[in-house]
Amino acid sequence: MSLKPEDFFKNVISHCKEYGYIFQSSEIYDGLSAVYDYGQNGVELKKNIRDYWWKAMVQLHENIVGIDAAIFMHPTTWKASGHVDAFNDPLIDNKDSKKRYRADVLIEEHVAKIEDKINKEVEKAKKRFESFDEAMFRSTNGRVVEYQTKINDINNRFKAALNAGNLEEVKQLIIDCEIVCPISGTRNWTDVRQFNLMFSTQVGSVSEDSNTIYLRPETAQGIFVNYSNVQKTGRMKIPFGIAQTGKAFRNEIVARQFIFRMREFEQMEMQFFVKPGTENEWYDYWKNNRLKWHLSLGLGDKNYRYHDHLKLAHYAKAACDIEFQFPFGFKELEGIHSRSDFDLMQHEQFSGKKLQYFDTDDNKSYVPYVVETSVGLDRLFLSIISSALREETLEGGETRTVLGLPPALAPIKAGVFPLIKRDGLPELAEKIVADLKLDYLVIYDEKDAVGKRYRRQDAIGTPYCITVDHQSLEDHTVTLRERDSMQQVRVNLTDLNRILDEKVSLKSLLRTLI
Ligand code: ATP
């Protein structure tokens, strides 16, 4: 029996807690909203995802290097970047439930519901007609055409209102779409207001305006302000990229959905500096490259789609999201943005320093254009863990919980068990752990029956279990059990390292990218 998406999502959250992946921050004080801590397994999974991204960017691209900029930056950075004036979300409150929402999210979710209706019609038609042409059906079926027209109207009005900064029209659109508050079920809305998402604090001991600094709301600006340092000291030739991972902070209005939207989160961003005029080809390159990276995780091709931005920032040439099908629907996972020379120009202007590139091929200087890829590490974590969790019914009716993580990202690569706690079996198992732990995180477990130990590792997502039995003492072979198929094979002790290298190393994933 399949669970309702909201129940499945609750299971994901409780599984994360039960198996040491994610805890609510400061839980003993009843938690802090939209802030989470990663536990003993979570920290490993997160590190492996980050490493995979880093290696795919920096190690596989000769023209990309990394940096680690500070979270605190000179306050003028955020004036130049536009965050002080325009890093706002439009918020709206429901007067009955007193709940606060992002106006744009309410509208997007309303559109998604209409899209669902279209998809249901399409599915019905697929079952009904033998030779089914979806495009033809969409353009001729009255109900689908009506839904599609509705979506287009809403999108056009919304886009025009946002571009004009017309918040009254955004509210009117919410009223016209008859959107109700999911809690109170009423349409008793306040006006729409803008809300700045940056957290501020004071440096030094005096609290004056001039001492106000911000917790960075994105990592990208640390890259822009270091553009010249890296270009010169690394003797980088355009096109080249600078990658960075690190914490970012946003005072999100609507902070629900677990680690999908947090107030403190981690980003992995790469700014690619290109010659003006070549930005379109690089935008296409990074769009494809990033989708390929996501697909390599094996979570299912159908779970990803591109979503082109309706509202482009005035400086942007193009922007799209890679969306993922989370348990609560398709949502943004990563953004790919063609940002022109906006950021470097702004920093030139505000700092008075030249941020140019001398192109020896053309013998002239210019401010490079930028194509950015920006993905949230926590969102990636959620996409991976929520598609990995499954409940299986085995022959005989027994059930098992499996966290089918991509093996190369799993926190623990192998559990090593002595079949029983005597006869020299624990000693051999410990020796295997000692050999493997130089390369991989492996654990030793001798508690409970071996079947129970397998189940424990299945739920943590450990791809392999190695069991030492009496035969091992005689012929130096062990049982290697694979998590997903539960198949057991006997292998030589001397082959263990090679097998793990083939199956669970980051190298095995990186290989799929080239
Ligand atoms: P959203 O529309 O969901 O608020 P955004 O468009 O503001 O996201 P960007 O500024 O493009 O997001 O940030 C790049 C990436 O950082 C996003 O694709 C997302 O993966 C991640 N991210 C942004 N905000 C958060 C957050 N509050 N919590 C977790 N991850 C986030």
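Colleague: Which side chains meet in a salt bridge with an N to O distance of 3.4 Å?

Modeller: Those of Glu502 and Arg498. This is a predicted model, and the distance is computed from its atoms.

Colleague: How should I read the spacing of that pair along the chain?

Modeller: An α-helix has 3.6 residues a turn, so residues three or four places apart point the same way. Here, Glu502 and Arg498 are 4 residues apart in helix α17 (residues 496-504), which separates them by about one helical turn.

Colleague: Is Glu502 buried or exposed, or in between?

Modeller: Glu502 is partly exposed, at a relative accessible area of 46%. Elsewhere, salt bridges with shared partners join one network made of Arg390, Glu392, Glu398, Arg400, Arg455, Asp458, Arg481, Arg483 and Asp484.

Colleague: Which residue forms a salt bridge with Glu398?

Modeller: Arg455, with the closest N and O atoms 3.3 Å apart. This pair links distant parts of the chain, 57 residues apart: Glu398 is in the loop between β17 (389-393) and β18 (399-403), while Arg455 is in helix α15 (residues 450-460). Glu398 counts as partly exposed at 43% relative accessibility, and Arg455 is partly exposed at 23%.

Colleague: How many salt bridges does a search of the whole structure find?

Modeller: The search finds 41. Another one of them joins the side chains of Asp93 and Arg100, at 3.2 Å from N to O. Asp93 is buried, with a relative accessible area of 12%, whereas Arg100 counts as partly exposed at 33%.

Colleague: Let us turn to the ligand. How many residues surround the ligand, and which are the closest?

Modeller: There are 17 residues around the ligand, and the closest are Glu252, Arg261, Met262, Glu332 and Leu333. By class, the shell divides into 5 nonpolar, 5 polar and 7 charged residues.

Colleague: How much of the ligand's accessible area does the protein cover?

Modeller: The ligand on its own has 600 Å² of accessible area, and the protein covers 86% of it. The elements giving two or more residues to the shell are β10 (264-274), β13 (329-338) and β16 (369-376). β13 gives the most, with 5 residues.

Colleague: How do I check the length of a helix such as α13?

Modeller: Compare the expected span with the distance between the end C-alpha atoms. Helix α13 (residues 377-388) has 12 residues, which at 1.5 Å a residue should span 16 Å; its end C-alpha atoms are 16 Å apart, so the two values agree.

Colleague: How many residues of α13 are buried?

Modeller: The count is 11 of the 12, so α13 is largely enclosed by the rest of the structure. Among the buried residues of α13 are Leu377, Asp378, Arg379, Phe381 and Ala388.

Colleague: And what should I look for in the backbone?

Modeller: Most residues other than glycine have a negative phi, and most peptide bonds are trans. In this model, a cis peptide bond joins Ile238 and Pro239, with omega about 5 degrees. Pro239 is in the loop between α10 (227-233) and β9 (240-249).

Colleague: Where does Arg235 lie?

Modeller: Arg235 also lies in the loop between α10 and β9. Its phi is near 45 degrees, a positive value in a residue other than glycine. At 72% relative accessibility, Arg235 counts as exposed.

Colleague: What is the phi of Asp30?

Modeller: Asp30 is not a glycine, yet its phi is positive, at about 75 degrees. Asp30 is found in the loop between β1 (22-24) and β2 (36-38). It counts as exposed at 76% relative accessibility, since the cut-off for exposed is over 50%.

Definitions and conventions
Residues are numbered from 1 along each chain as its sequence is written. This is a predicted model: local features need pLDDT of at least 70, side-chain atom pairs count only at pLDDT 80 or more; totals for chains, interfaces and linings use all residues. Side-chain values use heavy atoms; hydrogens and water are left out. A residue is near a molecule or strand if one of its heavy atoms lies within 4 Å of it. Accessible areas come from the Shrake-Rupley method with a 1.4 Å probe; for residues, only the protein chains shown count as cover. Ala, Val, Leu, Ile, Met, Phe, Trp, Tyr, Cys and Pro count as nonpolar, Asp, Glu, Lys and Arg as charged, and the others, Gly among them, as polar. The expected span of a helix is 1.5 Å times one less than its number of residues. Buried means under 20% relative accessible area, exposed over 50%, partly exposed in between (1.4 Å probe, protein chains only). A salt bridge is a side-chain nitrogen of Lys or Arg within 4 Å of a carboxyl oxygen of Asp or Glu.
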